[in-house]
Amino acid sequence: MHDELVDHLTRSTPLNRGEALRVVQDVLAFFDEPTEDYVRRRHRELQTQGLVNAEIFERIGADLKYRAVAPPELTLRQLRRIVYG
């Protein structure tokens with residue numbers, strides 16, 4: 001799976017084939033995370049950095065636009081509902 005990308009990484013970095021494969025799998029898993037899980041995880045991470053909800057939801061909303069497969073734009077209310085139900 002993804003042999004061409006793994007081959008490219010082994011040629012262009014000091015990674016061996018096993019390491020390159022793990023990097024590819026980790027990146028794909030990161031971008032495969034469902035939107036709701038991503039929003040909840042980022043909310044927790046940003047809270048631990050001391051940000052307040054107004055800043056957190058604004059940042060999450062902006063970050064979602066840059067996901068590999070961006071979900072539809074979510075309102076602040078929709079983001080809050082994901083986190084708090």
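**Exercise 1. The phenylalanine pair**

Is Phe-30 buried, partly exposed or exposed? Then describe how the ring of Phe-30 is placed against the ring of Phe-31.

Solution. 
- The model is a predicted one.
- Phe-30 has a relative accessible area of 37%. Buried means under 20% and exposed means over 50%, so Phe-30 is partly exposed.
- Phe-31 has a relative accessible area of 40%, and is partly exposed by the cut-offs used above.
- A pair of aromatic rings is described by the distance of the centres and the angle of the planes.
- The count of aromatic pairs comes to one. Its ring centres, those of Phe-30 and Phe-31, are 5.1 Å apart, and the planes meet at 85°.
- Planes over 60 degrees apart count as edge-to-face, so the pair of Phe-30 and Phe-31 is edge-to-face.

**Exercise 2. The chain as a whole**

Work out what the fold consists of, and whether the chain is a compact globule or more spread out.

Solution. 
- The chain holds five helices and zero strands. In sequence order the pattern reads α-α-α-α-α.
- For 85 residues the globule rule gives 12 Å, whereas the radius of gyration is 17 Å, well over that value; the chain is therefore more spread out than a compact globule.
- The C-alpha trace spans about 45 × 25 × 20 Å along its principal axes.
- Of the 85 residues, 21% are buried.
- Taking contacts between residues at least 6 apart in sequence, 35% join residues at least 24 apart.

**Exercise 3. Two residues and their contacts**

Solution. 
- Start with Gln-47, which sits in helix H3, residues 35–48. With a relative accessible area of 41%, Gln-47 is partly exposed.
- Outside its sequence neighbourhood, Gln-47 touches Asn-53, Ile-56 and Tyr-84.
- Gly-61 is 14 residues from Gln-47 in sequence, and their C-alpha atoms are 15 Å apart.
- Next take Glu-33, found in the loop between helix H2 (17–31) and H3.
- Between Glu-33 and Leu-64, 31 residues apart along the chain, the C-alpha separation is 12 Å.

**Exercise 4. Separations across the chain**

How many Å separate the C-alpha atoms of Gly-85 and Asp-7, and those of Glu-19 and Pro-71?

Solution. 
- Locate Gly-85 in the segment after helix H5 (76–84).
- Its relative accessibility is 74%; exposed means over 50%, so Gly-85 counts as exposed.
- Gly-85 and Asp-7 are 78 residues apart along the chain, and 44 Å lies between their C-alpha atoms.
- Locate Glu-19 in helix H2. At 38% relative accessible area, Glu-19 is partly exposed.
- Glu-19 and Pro-71 are 52 residues apart in sequence, with a C-alpha to C-alpha distance of 30 Å.

Methods:
Residues are numbered from 1 along each chain as its sequence is written. This is a predicted model: local features need pLDDT of at least 70, side-chain atom pairs count only at pLDDT 80 or more; totals for chains, interfaces and linings use all residues. Side-chain values use heavy atoms; hydrogens and water are left out. Helices (H or I, at least four residues) and strands (E, at least two) are DSSP runs, numbered from the N terminus. The radius of gyration is taken over C-alpha atoms; the globule rule is 2.2 Å times the number of residues to the power 0.38. Buried means under 20% relative accessible area, exposed over 50%, partly exposed in between (1.4 Å probe, protein chains only). Contact means heavy atoms within 4.5 Å. Rings of Phe, Tyr and Trp (its six-membered ring) pair if their centres lie within 6.5 Å; planes under 30 degrees apart count as stacked, over 60 as edge-to-face and the rest as tilted. Lists of a residue's contacts leave out its neighbours within four places in sequence.
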